[in-house]
Amino acid sequence: MITYVDVVTGFLESGKTTFIQNFLESKLFEEYTRVVLVVCEEGIAEYENMEKYPVELVKIENQTEITDQFFTKLRNDYKPEYILMEYNGAWDISKLLRIKMPFAYKFRNIISISEATKFRTHLFNMPTLVQPHLINSDVVVLNRSQDLDEAERRHLVQDIKNINRRTKAFFLDNPVHNRQLESYLVPFERHDRMITELKITLFVLICFSMIPVFAVSGLRSDLQSISTVFLSILMQAVPFILLGAFISASIQMFVSTGWIIKQFSRGKWLSFLAAALGGLFVPVCDCGMVPIVSGLLKKETPLPQTITFWLASSAVNPIVFFTMLYAFPGQPKLAVIRVAAGMGIGIVTGVVLKILNFQTDEVIRTNSRYLSVGKDILDVTYSGKLGKLEAVVKGAKIEFFRVGEYVIMGAMVSSILQTVVPQFLKNFIGGSVLIQFLVMMIAAVFMSTCSTSNAFIGKSFSFNFATIPILSFIVMGPMLDFKNLIMLSEILKRRFILLLAGLVIIVSSIVFGVIGIFY
Amino acid sequence: MGKKRNVEAVIQISILLGIAVLLFYSMISKKINDYVHPRFFPGIWLSILVLLLFAVSQISNIKKARHNESLSRYILFLIPLAAAIIFPANGVKNAELIIANGNRQETIGVTENQEVEDEDVLDVTEEIVEEEMLAGDDISEKYAKYEVDGVTIIQDDIFAEWFTDTYNSLDFFLGKRYQLLAQVYTVDGFAENQFLAGRYFMVCCAADMVVYGVACESDIRSQLTDEEWITVTGTMSQCDYEGETVPMLTDITIEKAEAPEEEYIYYSYY
């Protein structure tokens with residue numbers, strides 16, 4: 001038989017003792033025999049009627065008492081069948097998880113208890129203390145939640161999911177949650193855990209069974225080309241994403257929020273021009289810009305200016321100007337139009353967002369700010385300059401994994417669409433300028449083209465399309481690129497991204513309409 | 001029981017090392033040529049170092065034991081590694097397959113207006129002036145030094161530049177003889193005895209490859225198969241394709257050729 005260890009953790013007065021007391025008094029507990037209850041601190045509430053239960057109470061005062069021999073000693077002294085621990089929420093939990101366990105002893109559940117109304121304040125003010133407990137928890141139990149409405153409850157659940165998506169959040173006043181919570185505490189193996197393992201096994205089996213299918217069918221050649229395009233997009237993006245991750249981590253760590261916001265809000269309308277110019281001169285390609293923009297938004301920079309910066313920087317950078325000159329020799333006008341249109345669309349879109357009064361915290365995914373890689377949540381071994389460097393490297397690594405997920409998804413979608421869309425586009429060759437504009441817009445969304453190279457892609461359309469639609473493809477490509485939109489969904493709400501894409505399309509139509517008239 | 005490890009840290013380190021090894025192997029085996037433009041090579045070398053640095057910085061975390069780790073997100077990172085192993089890039093054999101998919105458009109180059117209007121000439125920036133020389137200069141002179149026995153040999157490294165110049169200032173090239181290494185392509189709208197002597201051009205990565213080439217007219221057209229490597233020598237003339245004047249090689253001799261080590265032409269513009 002395995003001896004399970006359940007850990008109940010949380011701050012002083014969060015209600016751990018009450019939770020455990022309720023558990024002892026519940027029907028559920030009747031099935032347990034020979035239980036050891038380890039108490040790491042004495043709360044305000046004292047355990048009552050302990051003599052009624054088959055429980056040995058072990059008290060520890062100091063974290064140093066939890067050594068490699070701790071559980072072995074418990075086994076020798078009490079031969080328990082079940083161990084319940086009330087753990088101090090201010091102690092390092094990874095030390096507890098790392099200690100040597102006797103044979104057939106196993107941590108089963110880590111249950112964090114928190115007062116629902118104080119949860120966010122704790123998380124925001126003491127991330128170093130709270131995060132490690134939450135990230136290791138199977139369950140977060142939120143009590144004293146009677147004053148919270150549905151929306152506030154949803155936000156709390158989302159906060160917890162952001163930290164560890166496997167962690168469940170239960171409200172004690174919700175009967176359904178109570179029943180689910182009980183299933184964690186039954187004295188036998190739970191089935192839903194095995195299901196996750198089963199799923200992984202099934203997934204791997206399915207993957208393996210696909211191999212012969214690919215090998216024989218004509219699918220293989222399709223997949224071969226999709227795979228080549230997929231890998232090439234990724235390989236080309238890796239250096240830029242790493243650069244972006246480093247810049248983003250540095251911004252989050254060393255630049256004070258106040259300073260950035262001051263820069264962005266200096267001179268109400270002039271700041272849009274500044275943001276667009278900033279975007280123009282940052283020599284980073286569009287996929288590297290996403291982590292930077294995400295870093296800025298985590299600092300809660302004003303949304304309209306940040307969007308202007310993003311649109312301008314993705315569409316144009318110093319290199320782009322020269323590629324335009326080379327791709328369209330003898331027509332420097334087009335290079336100038338491209339830069340002006342890129343900045344113009346960025347500024348107009350930003351101003352529209354400003355007029356519609358969009359705020360950063362309304363559109364970023366619930367509390368992505370807790371996901372920022374500030375100095376406080378990284379544990380840094382070195383001090384001084386070396387420590388700063390270490391923090392940047394660790395922060396950049398976190399950003400790399402976070403963005404990497406979305407880059408892979410985006411590259412996958414793009415590489416599949418890229419094999420399909422060009423053939424589809426051929427059907428529309430020779431239509432009116434308006435249809436061409438529409439087709440180029442679709443191409444902008446679905447063909448993943450880097451801003452530095454898409455002048456040449458646009459050029460290859462010039463046999464079949466007029467100049468203005470091609471220019472719109474070149475300018476809007478990076479702004480509307482599906483891969484970039486998927487990457488942005490790491491920080492921005494999906495609804496806002498759709499709205500932004502729509503807005504960019506409308507603004508671009510107007511801008512290119514105007515250019516078309518004067519061209 | 002041994003001490004518990006942080007499985008998440010171990011997985012992260014494995015993924016970082018996996019990506020670094022994949023990039024390193026691609027660079028060493030030159031398979032990278034099938035994926036990205038050589039201009040990214042320094043960036044990729046640097047990326048390998050940074051990924052290794054990330055992996056090293058993560059080692060101390062292995063001791064931070066974890067419970068209830070969320071690991072499913074890392075499955076995504078296995079996809080590129082699996083794709084690289086299951087479908088290794090194999091330029092020579094797979095080029096055909098990829099074209100058969102119609103992934104890359106075949107086009108016979110760009111015919112942007114050569115007649116630059118007068119006021120535009122004034123706008124031309126210095127870079128262009130240096131590169132393209134003054135309008136009116138014989139651009140084909142640039143290639144005179146590659147001439148051997150009356151034939152100008154266009155090697156891969158000058159192919160892109162030469163190709164752009166012929167399209168932009170065709171008049172200067174007319175009547176001269178050129179030799180190039182190319183592949184045979186069939187183009188809709190060409191006559192029976194015509195084909196395109198073209199090459200794959202990579203601008204940035206494999207996602208944006210385009211075939212560019214020069215039209216050729218030959219009596220032995222029917223003996224050529226698509227994608228075949230040939231060395232073609234011919235005299236520059238012009239023809240009409242869908243209303244545009246495009247360069248064409250006539251009076252040509254064709255020799256079968258081996259595929260070169262680098263099959264693609266890498267567009268470089270700065």
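Which domains does the domain assignment of chain B give? The assignment gives two entries for this chain, domain 1 (7-89) and domain 2 (118-266), and it should be kept in mind throughout that the structure described here is a predicted model.

**Domains of the two chains**

Within chain B, the C-alpha centres of domain 1 and domain 2 lie 40 Å apart. The contact between them draws 6 residues from domain 1 of chain B and 8 residues from domain 2 of chain B. On the side of domain 1 of chain B that touches domain 2 of chain B, the residues divide by class into 3 nonpolar, 2 polar and 1 charged. Chain A is likewise divided, into domain 1 (3-192) and domain 2 (222-518), and the C-alpha centres of domain 1 of chain A and domain 2 of chain A are 44 Å apart.

Chain B contains 8 helices and 8 strands, and of its 270 residues 36% count as buried. Among the contacts in chain B with a separation of 6 or more, 73% are accounted for by residues 24 or more positions apart.

Is B:G234 buried or exposed? With 22 other C-beta atoms within 10 Å, B:G234 is buried, because the cut-off for that class is 20 or more. Although B:Y178 stands 56 residues away from B:G234 along the chain, the C-alpha atoms of the two are separated by 5.6 Å. When neighbours within four places in sequence are left aside, B:G234 is in contact with B:R177, B:Y178, B:C216, B:L249, B:T250, B:D251 and B:I252.

**Helix packing in chain A**

Two packed helices are described by the angle between their axes and the distance between the axes. The table sets out two pairs in chain A, both of which involve helix α20 (residues 467-480).

| Helix pair | Crossing angle | Axis distance |
|---|---|---|
| α13(A) and α20(A) | about 125 degrees | 8 Å apart |
| α18(A) and α20(A) | roughly 25 degrees | within 8 Å |

Helix α18 of chain A comprises residues 433-446, and its angle with α20(A) makes the two helices roughly parallel, with a crossing that is right-handed. On the α18(A) side the contact is made by A:V433, A:Q436, A:F437, A:M440, A:M441, A:A443, A:A444 and A:V445, while α20(A) contributes A:I468, A:P469, A:I470, A:S472, A:F473, A:M476, A:G477 and A:L480. By class, the residues of this contact divide into 13 nonpolar, 3 polar and no charged.

Helix α13 of chain A, which spans residues 303-315, is instead oblique to α20(A), and the crossing of α13(A) and α20(A) is right-handed. Here the contact is made by A:L311, A:S314 and A:A315 of α13(A) together with A:V475, A:P478 and A:M479 of α20(A). The classes in the contact of α13(A) with α20(A) are 5 nonpolar, 1 polar and no charged residues.

**A further helix of chain A**

Which residues are buried in helix α5 (residues 127-135) of chain A? They are A:V130, A:P132, A:H133, A:L134 and A:I135. The elements of chain A that cover the buried residues of α5(A) include the strands β1 (3-10), β5 (105-115) and β6 (139-143), as well as the helices α3 (93-98), α4 (119-125) and α6 (150-163).

Note on methods:
Residues numbered from 1 in each chain as written. Chains lettered and ligands numbered in written order. Predicted model: local features only at pLDDT ≥ 70, side-chain atom pairs only at ≥ 80, totals over all residues. Domains from an automatic or database assignment. Contact = placed C-beta atoms within 7 Å. Nonpolar A, V, L, I, M, F, W, Y, C, P; charged D, E, K, R; others polar. Axes fitted to C-alpha atoms, helices over the stretch in contact; angles between N-to-C directions. Helix = DSSP H or I, 4+ residues; strand = E, 2+ residues; numbered from the N terminus. Parallel < 35°, antiparallel > 145°, perpendicular 65-115°, else oblique. Left-handed = near helix turned anticlockwise from the far one by under 90°. Buried ≥ 20, exposed ≤ 12 C-beta atoms within 10 Å, placed from the backbone.
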